[in-house]
Amino acid sequence: MLIEQLINGLTLGSIYAIVALGFTLVFGVLGIINMAHGEIFMFGAFIGVMITSTLNAPLWVAFAGAIIITAIMGYMLERFALRPLRHKQGVSHLAPLISTIGVSILLENLSHHLFGAGNHPFRASFAEISFQIGSITVYLVQIVIFVISIVLMITLSFWLGKTKAGKALRATAENLETASLLGVDTKRTITMTVIIASAMGGIAGILVGMAFNSVTPQMGLSMGLKGLAIIILGGMGSVRGAMAGGLILGLAETFIVVYGDSGYRDAIAFLAIIIILLIRPQGLFGQKIST
Amino acid sequence: MLKISGINASYGKIQVLKNVSLEVEEGSIVTILGANGAGKTTTMKSISGLLKPNSGKIEFLGEDVTGLRPDQLLRKGVALVPEGRQILAGMTVLENLEMGAYHRKDHDIASDLNKMMERFPILKEREKQLGGTLSGGQQQMLAIARAIMSKPKLLLLDEPSMGLAPLVVADIFKIIKEINESGTTVLLVEQNARQALKVSHSGYVLETGKIVAEGKSDELLNDSRIIEAYLGRKSS
């Protein structure tokens, strides 16, 4: 029982971590919360539904399709909703935030229009396959979700830590002006970051579809708010914080359902924000660096 | 090598630079002196591409580079060590140095890194430490070393001695001289006027956004107005 719940919590938490990484990357380089991230995530889930259910194509095609479409959405978001507001005189620093809220409303309504308001089942061909280890039941879907999430997290960490482009992203996140003085084309780096974050949102969309077998146009908002809670918990702009925060929230939600009251499940994230802001306002992994 | 003709620059409605012209000859060290708010940093920002001048022309190696972005200028050979050093505090010393060579595609980067570590043993010692944990003087050395990693033809240094202990300041000026002797042209902005003029070949004096004096460094060092305003009466 305990181990099963632990597996459930880790599966959920690893998805949360992927969503939160999308938020934290964009926050890192642009200093804004991308309120459209949840809706891009939701589109990823719908594209997964379309490809697997309507077209009957295999899962990897769904992933490829979702990555491509959400990456394009990320590019459009940056190109038309964010970039025109940058470095303009008289533009409030809140403008890009409002702009992403506008995009999120647009995307949610667009998905109502395209896919209908109802609940779409997500059929993974292996949804029913499970393994019995002693008294523990583990579903193949859970293993797939967990493995994909972990691989994604390791790849991202490696990319940020070891590659030139990843280091350029970190430099840009830390100080845009300094990065440009060191030869980084910061406009390109920002665009690339929004694209990567959005594509990760798309992947997370499919993972959530697989985990809950349900996709709706409203799922973007609730996931978006949780992603936001996680990066506040983990530390705004911190990659490790997003990963740890996601896993913590996933485990906490799972255990509150089992040992407490399932009605409080969605409250956990926000309770965590209140507590963390009181005790450690910079987040678990947020650093206060003095220069 | 660098020729600035009549640039005007402003932050919003406040004009900071008024018709500033100056020239830096290849192989030299040139100092810009001036009080706080005279426009020294704005001049550096304009040359390095961080700020687009409203009018005027900046030429580098005979080419018009006015309005180019900092990353484009770096590729042409102009590197700025900004005021306050701007170390990447969340990246290690080694990563900071690697970022200096970001735009390079040659194969000498590793050997240049080694050379830099030999020249600045303290950076070698702390290569795995985060940049933000270094002391002010060490950060300044890292900032200069990082800029040299880009192999600049013209190095712009904005207040390299600011906030440093006198012994460290002497060290920094020694390093600036070495850099110049190894073939890099240097444009230096300093409040530490006496020491700056001693290492440099010529200088300009900025006052409220205008060039009010220029000349060879030893002339400026003996100019009574300059002594009065920037050097103090102490003779040395």
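Which residues does Met200(A) touch, not counting residues up to four places away in sequence? In this predicted model, Met200(A) touches Ile18(A), Leu21(A), Leu25(A), Leu152(A) and Leu156(A). The points below take up the surroundings of this residue, then the annotated regions, and then a pair of packed helices.

**Met200(A)**
- Met200(A) has its place in helix H8 of chain A, which covers residues 186-212.
- Because its relative accessible area is 4%, which lies under the 20% cut-off, Met200(A) counts as buried.
- Phe270(A) lies 70 residues apart from Met200(A) along the chain, and the C-alpha atoms of the two residues are separated by 23 Å.

**Annotated regions**
- An unreviewed UniProt entry gives the annotation "transmembrane region" to residues 12-33, 63-82, 94-116, 136-160, 190-212 and 267-285 of chain A.
- Over residues 12-33 of chain A, the model is 86% helix and 0% strand, with the end C-alpha atoms 22 Å apart.
- Over residues 136-160 of chain A, the model is 84% helix and 16% strand, and here the end C-alpha atoms are 37 Å apart.

**Helices H9(A) and H10(A)**
- Helix H9 (residues 219-234) and helix H10 (residues 239-259) of chain A pack at an angle of about 120°, with their axes 8 Å apart, and their crossing is right-handed.
- H9(A) contributes Lys226(A), Ile230(A), Leu233(A) and Gly234(A) to the contact, while the residues from H10(A) are Gly241(A), Ala242(A), Gly245(A), Gly246(A), Ile248(A), Leu249(A) and Glu253(A).
- Sorted by class, the residues in this contact of H9(A) with H10(A) are five nonpolar, four polar and two charged.

How values were computed: Residues are numbered from 1 along each chain as its sequence is written. Chains are lettered from A and ligands numbered from 1 in the order in which they are written. This is a predicted model: local features need pLDDT of at least 70, side-chain atom pairs count only at pLDDT 80 or more; totals for chains, interfaces and linings use all residues. Side-chain values use heavy atoms; hydrogens and water are left out. Axes are lines fitted to C-alpha atoms, for helices over the stretch in contact, and angles run from 0 to 180 degrees between N-to-C directions. Helices (H or I, at least four residues) and strands (E, at least two) are DSSP runs, numbered from the N terminus. A crossing is left-handed if the near helix is turned anticlockwise from the far one by less than a right angle, and right-handed if clockwise. Contact means heavy atoms within 4.5 Å. Ala, Val, Leu, Ile, Met, Phe, Trp, Tyr, Cys and Pro count as nonpolar, Asp, Glu, Lys and Arg as charged, and the others, Gly among them, as polar. Buried means under 20% relative accessible area, exposed over 50%, partly exposed in between (1.4 Å probe, protein chains only). UniProt positions are given in the numbering used here, feature names are shortened, and annotations may be inferred rather than shown by experiment.
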